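Got a model open and wondering where the pockets are? Let's go through them one question at a time.

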Amino acid sequence: MKFLKFLLVGIFFGIVLVKSEAVSWFRIYEMFRFQSFHMYGIIGTAIASGVLFLQISKKGIIKNIKGADIFVPKKGNGFTRYIIGGTIFGFGWALIGACPGPMYILLGTGVWSMIVVIAAAILGTFIYGVLKNKLPH
């Protein structure tokens, strides 16, 4: 029961993404071909609301689950690693037609081929965890 609110927020988030067509392969395809503003509008709204909530949390108005202030550590310098990581993420998004959140939503809507994608994502995360100390960060 402690985590019920997170389940409900996740279900609500999934419904919003399905209804806004953010999990639609066609909409993602349009975005990567620069044929429609639809996905850029959704992403821009997400960025704007993220900035807003981050600023509100910095003022101490929003707290974490334990009631403590939310602290976001400064990111280290590393322009190259962000470009490489973002490029890999973008290629995966373009090839699969979904970023990590919508993979689970698509599975929930009955797109059973996402089981392979989710399994590959979990395997890739595991491999990264094993190789993390050997990679240049």
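Q: In the second largest pocket, which element gives the largest share of the lining?
A: This is a predicted model. Helix H1 (4-19), helix H3 (38-58), H4 and H5 each give two or more residues to that lining. The largest share is five residues, and the helix behind them is H3.

Q: What is the volume of the second largest pocket?
A: Helix H3 puts five residues into its lining. The space there comes to about 290 Å³.

Q: And how much space lies in the largest pocket?
A: Its lining has 21 residues, with Ile84, Gly85, Ile88, Phe89 and Tyr128 the closest to the centre. The space in this pocket is about 810 Å³.

Q: Which helix gives the most to the lining of the largest pocket?
A: Helix H4 (79-96), helix H5 (100-108) and helix H6 (114-131) each supply at least two residues here. Eight residues is the top contribution, and the helix that makes it is H4.

Q: How many residues of the largest pocket's lining are nonpolar?
A: Start from the 21 lining residues. Five are polar and one is charged, while the nonpolar ones number 15.

Technical notes: Residues are numbered from 1 along each chain as its sequence is written. This is a predicted model: local features need pLDDT of at least 70, side-chain atom pairs count only at pLDDT 80 or more; totals for chains, interfaces and linings use all residues. Side-chain values use heavy atoms; hydrogens and water are left out. On a 1 Å grid over the protein atoms alone, a cavity is a set of points where a 1.4 Å probe fits but cannot get out, and a pocket is an open set with protein on both sides within 12 Å along at least five of seven lines; lining residues have an atom within 4 Å of a point. Grid points are joined across faces, edges and corners, and a volume is the space filled by probe spheres set on the points. Helices (H or I, at least four residues) and strands (E, at least two) are DSSP runs, numbered from the N terminus. Ala, Val, Leu, Ile, Met, Phe, Trp, Tyr, Cys and Pro count as nonpolar, Asp, Glu, Lys and Arg as charged, and the others, Gly among them, as polar.
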